[in-house]
Amino acid sequence: MSPSRVLVLNSGSSSLKYQLLDMRDSSRLAAGLVERIGEQTSRLRHTALTNGDTREQNGPIADHQAALKAVAEELSRDGMGLDSPELAAIGHRVVHGGLFFTEPTVVDDSVLTEIERLIPVAPLHNPANLTGIRTAMALRPDLPQVAVFDTAFHTTMPESAARYAIDTKIADRHRVRRYGFHGTSHAYVSRATAQLLGKAPEEVNVIVLHLGNGASASAVRGGRCVDTSMGLTPLEGLVMGTRSGDLDPAVIFHLERVGGMSMDEIDTLLNKRSGLFGLCGDNDMREIQRRIDEGDQEAQLAFDIYIHRLKKYIGAYYAVLGRVDAVAFTAGVGENAAAVRRAAVAGLAELGLAVDDERNAVRGDAPRLISPDSARVAVAVVPTDEELEIARQTFDLVGMDM
């Protein structure tokens with residue numbers, strides 16, 4: 001029997017998330033997280049999903065190589081180590097692939113070089129992603145390593161959507177354009193939404209709303225992204241947990257010239273101290289809802305601004321697509337905050353959008369419709385599964401060579 005397992009790695013600057021999946025039935029065999037890599041208080045939490053056994057290690061883990069070795073040891077204890085003949089490949093989440101990478105790619109030296117060249121447009125993410133890839137390659141140099149890019153799904157955007165209206169020579173020289181992010185989530189959810197409707201992705205136009213601490217929207221026509229809310233970086237677009245989203249660029253000049261703030265201070269403000277957190281001091285939608293229920297006007301205003309921006313993007317992408325078959329909510333807020341879903345489509349009945357309050361109140365892990373049967377446009381909750389999407393893309397690529 002051919003190898004059928006894929007280990008999915010998501011390497012952060014001080015963390016390593018992982019899942020082991022069997023692609024014969026898309027089942028999860030193990031999952032875990034290594035936190036605070038490089039500190040004395042590092043922690044590895046590992047769960048063997050075949051039996052629910054959870055184990056935890058606490059103590060210093062010096063670097064990503066030590067972290068991956070510790071993960072390999074935990075997997076080996078469950079008979080699923082990196083040396084298993086059933087392991088077909090390792091799939092890596094890479095945040096930025098620019099325009100060069102439009103699909104999953106088997107990693108070689110040239111791929112590593114190009115990912116490294118993209119560090120200036122993804123300084124917080126690509127270095128950590130590279131570290132994870134190089135570490136895995138050192139441990140299993142004989143095994144295919146596949147990079148799956150957050151930006152790849154959005155490379156189908158037309159130039160009219162991807163270009164900023166600035167001098168094209170300067171833009172091209174510095175790779176300034178709209179790339180979009182959360183691509184694996186948007187790809188998975190748009191396809192799962194079509195399946196929920198009983199149609200092929202090529203037949204369906206979907207607005208996907210990925211609402212978590214980071215948030216983005218996409219317009220997907222026939223399975224291909226034609227617009228998305230994030231841009232050169234994940235800062236553009238919707239109001240997020242700590243990011244501002246859309247902003248007049250002159251605000252930056254004003255804060256520097258009038259406010260006396262440095263570029264680093266402004267960067268920190270817009271990425272880490274803005275969004276819901278900047279508006280009301282909380283970036284957890286559950287806490288904001290609790291405060292609203294208690295009559296907190298600051299929390300209510302933050303919620304209203306969040307919803308106003310969300311409605312603008314729904315309307316804009318409706319216009320871009322021309323015909324919309326479904327609006328799909330996903331990620332932590334999108335899947336769990338019924339009040340956000342209800343408010344986002346409130347007043348949009350003329351566009352065929354509505355939610356059924358009883359259906360909207362139901363919680364669950366399965367894709368489901370929350371719109372009335374009579375609604376012209378389906379409104380759905382579709383739990384995202386980025387790890388499964390990475391595993392599928394990885395296995396589809398390496399499976400052709402087996």
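**Close-up views of a predicted model**

**View 1. Strands β13 and β14 pair in the antiparallel sense over 2 bridges, with β14 covering residues 378–381.** Strands pair if DSSP finds at least two bridges between them. Leu369 has Ala380 of β14 as its bridge partner. This is a predicted model: local features need pLDDT of at least 70, side-chain atom pairs count only at pLDDT 80 or more, and totals for chains, interfaces and linings use all residues. Residues are numbered from 1 along each chain as its sequence is written, and side-chain values use heavy atoms, with hydrogens and water left out.

**View 2. An open sheet of 6 strands runs in the order β11-β10-β9-β12-β14-β13.** Its pairing is mixed. The edges are β11 (224–228) and β13 (368–369). Each has a single partner strand, so one side of each lacks a neighbour in the sheet. Strands (E, at least two residues) and helices (H or I, at least four) are DSSP runs, numbered from the N terminus.

**View 3. Helix α11 (residues 297–321) lies across β9 (205–211), β10 (215–221) and β11.** The helix runs at about 160° to β9. Axes are lines fitted to C-alpha atoms, for helices over the stretch in contact; angles run from 0 to 180 degrees between N-to-C directions.

**View 4. Helices α6 (residues 183–196) and α15 (residues 386–399) cross at roughly 90°, their axes coming within 9 Å.** That makes α6 roughly perpendicular to α15 (65 to 115 degrees). From α6, the contact (heavy atoms within 4.5 Å) uses Thr184, Ser185, Ala187, Tyr188 and Arg191. From α15 come Glu386, Leu388, Glu389, Ile390 and Arg392. By class, the contact has 4 nonpolar, 2 polar and 4 charged residues. Ala, Val, Leu, Ile, Met, Phe, Trp, Tyr, Cys and Pro count as nonpolar; Asp, Glu, Lys and Arg as charged; the others, Gly among them, as polar.

**View 5. Arg175 and Ala331 have positive phi values without being glycine.** For Arg175, phi is about 60°. Arg175 sits in the loop between α5 (168–173) and α6. Its relative accessibility is 23%, so Arg175 counts as partly exposed. For Ala331, phi is near 75°. Ala331 belongs to helix α12 (residues 331–336). At 8% relative accessibility, Ala331 counts as buried. Buried means under 20% relative accessible area, exposed over 50%, and partly exposed in between (1.4 Å probe, protein chains only).

**View 6. Cys225 and Cys280 are buried.** The relative accessible area is 0% for Cys225 and 6% for Cys280. The structure holds 0 disulfides (pairs of cysteine sulfur atoms within 2.5 Å).

Key
Angles under 35 degrees count as roughly parallel, over 145 as roughly antiparallel, 65 to 115 as roughly perpendicular and the rest as oblique.
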